[in-house]
Amino acid sequence: MGVMTLLVICSIVVSSGFLLAFLWATRRGQYDDMATPSIRMLFEDRHTDESETEHDVRHSSDGTKQ
Amino acid sequence: MKQVLDEQLAISEVQPICAHCGDVCNDVRITADDLVFCCSGCQSVYEILQTNNLCDYYSFDHKAGVSMKGAMTDEYAVLDDPDIERQFVEFDSGTTRRLRFEIPAMHCASCVWLLEQLDRLNTGVLRSEVDLMRKLVRIDIDPRRTTARAVAALIASLGYRPLIRPEGAAGSSVAMRSIYVRLGVAGFAAGNVMMFSIARYVAGPDGMMPSLRLVFDVLSILLSIPVLVFSASSWWRSAWGALRQRRLNLDVPVALGILVLFVRSVVDILMGTSEGFLDSFTGLVFFLLIGRLFQQKAFDAVSFDRTYRSFFPLSVRVSKGEHEESVRVDNVHVGDTIVIRNGEVIPCDAMLVSSGGYIDYSFVTGESVPVECVEGRIVYAGGRVVGGRLRMTVTKAVSNGYLASLWNNADASVRRTSLLDLADSFGAWFTIGAVGIAGIGGLLWLPDISMALTALSAVLIIACPCALTLAAPATLGTAMGLLGRRGIFVKNVGVLLDIAKTNAMVFDKTGTLTESEHSLSWVGPEIGNELRGSISAVAMQSTHPVSRSVERLFGASLQTVTDVEEHVGAGIRGIVNGRVIAIGSASFAGSRNAYVEVAASVAVDGRPIGSFRIVPQLRDGIDTLVGALRRDHDVYLVSGDSSRDALAFEPVFGAARMRFNASPHDKIDVLEQLARQGRHTVMIGDGLNDAGAMRAAHVGIAVTEGTATLVPACDVIMGGETLQDMANLIAYARNLRSLIWFSLVFSMVYNVIGVALAITGTLSPVTVAIMMPLSSLIVTAVSVVGARWYGRRSQWVS
């Protein structure tokens with residue numbers, strides 16, 4: 001039965017990781033706007049001279065630098 | 001994009017459609033590049049987009065553009081004031097400043113696309129990101145290269161006027177995040193605890209090794225503690241707050257129920273008497289949070305606070321010697337000379353020092369015919385200037401103005417809604433009843449202390465009114481979202497229960513039963529098209545609203561007018577095709593028919609030939625609506641307007657239930673009197689002049705054209721075209737109330753039977769463990785499906 005105890009504790013630890021990931025995503029504002037991204041993905045990418053990387057980075061909207 | 005434009009052109013053969021906003025071009029039409037525009041504003045937006053190669057805008061939605069008719073763009077000078085700008089700044093690092101604007105006009109994929117391309121129109125913009133549901137745009141700017149004012153003016157020039165209002169931007173996502181986090185923790189704990197419990201139930205009392213059982217017990221308790229402390233914390237706070245004020249609300253028995261559930265489970269586990277109910281405890285908190293989520297989602301989707309636009313100006317131009325300066329309204333002093341332009345609202349009581357133009361007081365008094373501006377006249381806060389630019393001397397500072405007094409009256413009392421009433425009174429009786437029964441049950445077992453405690457806690461657990469805290473938000477939240485999609489915006493869920501109770505209804509007239517724009521009819525002998533054109537041509541020289549209506553009635557005219565002279569307060573005279581045409585008051589046109597309903601008389605070469613009469617534009621279906629409402633409501637008409645339309649309304653309301661020339665305070669009196677008679681009242685109005693009355697009524701409903709009007713103090717906002725759905729709304733609200741009662745009774749019976757069976761040992765513990773969350777699931781399903789079903793079954797007009 002020792003192995004059962006070990007497995008149970010392992011599974012709790014692993015699922016805690018998922019919980020923490022969820023909490024992190026929520027606090028970063030990933031669930032704030034569920035409507036606009038579904039529209040945004042329909043637009044063509046812009047091919048301009050400016051660096052592409054800058055506007056591809058998804059900023060968090062909660063102003064973490066405050 | 002080409003294809004969309006081609007399609008629009010094809011339609012435009014028959015009925016010209018503006019290439020920018022997609023509206024039908026009625027009178028004014030501008031043609032450029034083979035495209036048709038309804039106004040020069042729309043054309044200029046198109047040109048901006050074309051020069052910047054942004055015409056993809058038109059490919060995402062047919063009616064992408066926002067009509068530019070009547071738009072003003074230079075109202076953003078206030079943003080140069082750092083105090084005001086700060087309200088729109090989310091963070092500022094010196095090189096990057098993130099601005100947040102609310103833009104009520106955004107509505108489709110094209111809007112999102114264009115607003116996220118702002119960096120191509122202004123190099124100072126670093127990036128912009130849209131939140132379509134909350135109608136927000138976040139714009140990062142480089143403060144060294146551009147200003148908030150320039151950005152605001154830029155998006156306004158594209159047709160997306162940002163909301164500038166004194167109380168600062170509302171509506172944050174913090175509430176939603178907090179619910180998600182609590183829900184995540186509760187769900188995590190509930191899932192894991194349930195696994196342990198089911199393993200134990202299946203194994204039976206002796207089927208599990210004591211060491212493993214110990215691990216399960218310890219883990220269950222450890223997982224439940226964050227649920228108790230963190231996920232359920234809002235109930236502790238609410239219940240504790242109520243108890244400290246010596247009140248009982250519905251959260252008291254809920255808090256008591258879950259606390260007893262937790263304590264009893266932990267005691268049982270520690271004593272080794274049973275496996276406890278920690279699975280039920282965590283599951284219950286999880287479902288209660290889902291109820292909260294419904295409430296918050298509905299609130300966000302309807303975005304009540306964001307659907308109306310500011311009415312009161314933030315700043316005003318003060319004339320100082322040669323130049324004018326933009327000053328915040330609270331810094332305007334008595335004696336200052338202010339300048340108010342066409343379309344702007346007068347922020348404070350003042351005396352005119354210039355003539356010309358008119359003031360429309362329909363917001364404040366409900367009177368639909370505007371007042372002439374003559375030098376020396378006192379004008380009141382809340383009037384809107386039509387046609388002209390007025391200078392005036394401030395006689396009262398802003399906070400003393402008529403508008404401010406109405407506003408303050410309206411906001412003075414904090415209203416309690418029915419859901420709170422229901423929940424609070426229900427909560428009080430419930431708590432007293434449950435604690436009483438639990439106490440008696442405990443006393444009956446008394447010599448046997450452990451049995452007494454068992455009975456006591458069992459009753460408290462059954463009596464936990466979770467179904468009500470789950471059913472009401474789920475039902476009403478679903479209904480709120482449904483109504484929002486039909487153009488009926490409800491402030492909060494409790495309002496729907498208020499609506500279900502009403503039995504007296506008071507209508508305002510102007511803008512509510514009638515369209516806000518009045519129209520005219522010609523009274524007099526038939527006149528030929530050529531003379532009609534001449535009259536219209538003279539009327540077009542004036543900005544008076546009546547002249548505009550004449551132009552609409554007779555059609556725009558290209559005839560040349562010479563020797564135009566406009567006499568303020570009297571009328572206008574001009575020569576067309578050699579004939580002197582005079583339009584104006586009876587004395588001005590030499591007519592003897594000076595009735596109130598005559599808007600203007602007309603004379604040709606000094607001989608009166610007829611007059612224009614104001615026709616109230618009744619909204620469609622008002623008589624059937626009032627007829628339907630009168631079956632179970634007393635319906636009254638109380639208007640601030642003069643009684644000139646009384647005859648039109650008499651067959652609908654009956655002479656005894658109509659009242660005209662009522663001041664805003666008279667309206668409040670009418671409603672208070674009805675309330676004293678024990679009636680549950682609804683006030684349906686449109687303007688600020690009804691704000692006090694809406695506050696005095698149990699439910700205040702505002703009828704608006706579009707979303708352009710600010711309506712303080714109302715509980716429901718309906719579009720003018722949805723007014724006919726009023727009777728359906730009331731029927732729907734009553735159905736919802738029955739649905740909530742059904743859920744409540746169902747869950748009580750379910751819990752009583754379930755626990756009775758569990759105590760007598762008829763059911764196996766596994767069944768009980770499944771049945772407990774099942775009841776919450778059933779209540780949620782009945783609430784959501786029922787609210788949708790009733791909504792679909794109603795014969796909505798719009």
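User: What is the mean pLDDT of chain B?
Analyst: pLDDT is the predictor's confidence in each residue, from 0 to 100. For chain B the mean is 77. In that chain, 80% of residues reach 70 or more. The model scores ipTM 0.73 and pTM 0.67.

User: Where in chain B is confidence lowest, and where highest?
Analyst: Where pLDDT is low, the predicted coordinates should not be read in detail. Helix α1 (residues 2–12) of chain B is lowest, at a mean of 48. Helix α7 (residues 210–231) of chain B is highest, at 91. Residues 8–13 of chain B fall below 50, with 5 contacts beyond near neighbours in sequence. Residues 407–418 of chain B are also below 50, and that stretch has 20 such contacts. Two residues are in contact if their C-beta atoms, placed from the backbone, lie within 7 Å.

User: How many helices and strands does chain B have?
Analyst: Both are DSSP runs, numbered from the N terminus: helices are H or I, at least four residues, and strands are E, at least two. Chain B has 24 helices and 28 strands. Of its contacts with a separation of 6 or more, 66% join residues 24 or more positions apart.

User: Is B:Val459 buried or exposed?
Analyst: A residue is buried if 20 or more other C-beta atoms lie within 10 Å of its own, exposed if 12 or fewer, and partly exposed in between, with C-beta atoms placed from the backbone. B:Val459 has 21 C-beta neighbours inside 10 Å, so it counts as buried. It sits in helix α13 (residues 449–462) of chain B. Leaving aside neighbours within four places in sequence, its contacts are B:Ala434, B:Ile437, B:Ala438 and B:Gly441. Across chain B, 45% of the 798 residues count as buried.

User: At what angle do α8(B) and α9(B) pack?
Analyst: Axes are lines fitted to C-alpha atoms, for helices over the stretch in contact, and angles run from 0 to 180 degrees between N-to-C directions. Angles under 35 degrees count as roughly parallel, over 145 as roughly antiparallel, 65 to 115 as roughly perpendicular and the rest as oblique. Helix α8 (residues 233–244) and helix α9 (residues 251–271) of chain B pack at about 125 degrees, with axes 8 Å apart. They are therefore oblique to each other. Residues of the contact include B:Trp235 and B:Trp236 of α8(B) and B:Val252 of α9(B).

User: Which residues of α1(A) and α7(B) meet?
Analyst: A:Met4, A:Thr5, A:Val8 and A:Ile12 meet B:Leu212, B:Val215 and B:Leu219. The two helices pack at about 20 degrees, with axes 10 Å apart.

User: How many residues of chain B are in contact with chain A?
Analyst: 26 residues of chain B are in contact with 26 of chain A. On the chain B side, α6(B) gives the most, with 6 residues.

How values were computed:
Residues are numbered from 1 along each chain as its sequence is written. Chains are lettered from A and ligands numbered from 1 in the order in which they are written. This is a predicted model: local features need pLDDT of at least 70, side-chain atom pairs count only at pLDDT 80 or more; totals for chains, interfaces and linings use all residues.
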